[in-house]
Amino acid sequence: MLILWLASSLVLSSVHWRLCRVFVTRDRSRASRFLVPLGSSVLTFVLVNGETAWTAAARVLLVTAVMALVEIDILARRLPREISYPTAVISFVLLGVGRPEQVWSMLLGALLPMSVLAVTSWCSRRQLGSGDVRMWPLCGVHLGAESMATVTSGFVSSFVIAGVVVIGLVVSGRAGRSSTIPFGPFLAAGSLLALSVAPSIG
């Protein structure tokens, strides 16, 4: 089992960087080369453990896509629709087969928070980017496959984590009013946190 887990982590890491190289011209940092495989391994183990084959496949796809989107957003300040949209659709199909009773919850989980993000983006004059809006359906279908309570938890957690980090950066003098901070990593963090504790959320 350990060997299979390590092998799958290496595969995920390889796919991850191939996705990133399409959109990022900068060299990969040493920290990324270490943290991405480690993070992918841990997330895959936590999210796949105990799931059916269809749901497990969807979770592996989620981890691969989200880790790539986070690194691209940090390095290039963009969240490519070429990753967000296809993985959201494939995830919906896989989860729909694995959890057909949750189809409507998945749709609502993807579309309702996305609408809130779209309005927020428009009201903030694009300080919240359109890529963040496009990324949410990928997270939302996975959260909705658990419950609407998990959707709410993931969505709110994203903003709470972002607020704590931004306050920390401002207090430490590392960010100011004119600073731009990618929001994709916070959407990912909130969603993955909610998924990892979904059984306790109900």
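**View 1. E51 and its partner R99 in the predicted model.** E51 sits at 27% relative accessible area, so it counts as partly exposed. This is a predicted model, so keep in mind that side-chain atom pairs count only at pLDDT 80 or more. Its partner here is R99: the two form a salt bridge, with the closest N and O atoms 2.7 Å apart. The pair links distant parts of the chain, 48 residues apart, with R99 in the loop between helix 4 (81–98) and helix 5 (103–123) and E51 in the loop between helix 2 (30–48) and helix 3 (53–76). R99 comes in at 13% relative accessibility and therefore counts as buried.

**View 2. E146 and its two arginines.** What does E146 meet in a salt bridge at 2.6 Å, N to O? That would be the side chain of R59. E146 lies in the loop between helix 6 and helix 7 (148–171), while R59 is in helix 3, so this pair ties together parts that are 87 residues apart in sequence.

View 3. Side chains of opposite charge can pair when their charged atoms come close. How many salt bridges turn up in this model? The count comes to three.

**View 4. Helix 6, end to end.** Helix 6 covers residues 130–144, and at 1.5 Å a residue its 15 residues should span 21 Å; the end C-alpha atoms are 22 Å apart, which agrees. There is a bend along the way, of about 25° at L138.

**View 5. S84 and what it touches.** S84 is found in helix 4. Its relative accessible area is 0%, so S84 is buried. Which residues is S84 in contact with, leaving aside its neighbours within four places in sequence? They are L69, L79, R134, M135 and L138. L138 is also where helix 6 bends.

**View 6. Aromatic rings around F155.** A pair of aromatic rings is described by the distance of the centres and the angle of the planes. The model has four aromatic pairs by count. In one of them, W136 and F155 have ring centres 5.3 Å apart and planes at 80°, so the pair is edge-to-face. This pair links distant parts of the chain, with W136 in helix 6 and F155 in helix 7, 19 residues apart. Both W136 and F155 are buried. F155 also pairs with F159: their ring centres are 5.2 Å apart and their planes at 65°, so this pair is edge-to-face. Being four residues apart in helix 7, F155 and F159 are separated by about one helical turn. F155 counts as buried at 14% relative accessibility, while F159 is partly exposed at 35%. Ring pairs link W136, F155, F159, F183 and F186 into a cluster.

Notes. Residues numbered from 1 in each chain as written. Predicted model: local features only at pLDDT ≥ 70, side-chain atom pairs only at ≥ 80, totals over all residues. Heavy atoms only, no water. Helix = DSSP H or I, 4+ residues; strand = E, 2+ residues; numbered from the N terminus. Expected span 1.5 Å × (residues − 1). Bend = angle between axes of the 7 residues up to and from the residue. Salt bridge = Lys/Arg side-chain N within 4 Å of Asp/Glu carboxyl O. Buried < 20%, exposed > 50% of the residue type's maximum accessible area, 1.4 Å probe, protein only. Contact = heavy atoms within 4.5 Å. Phe/Tyr/Trp six-rings, centres within 6.5 Å; stacked < 30°, edge-to-face > 60°.
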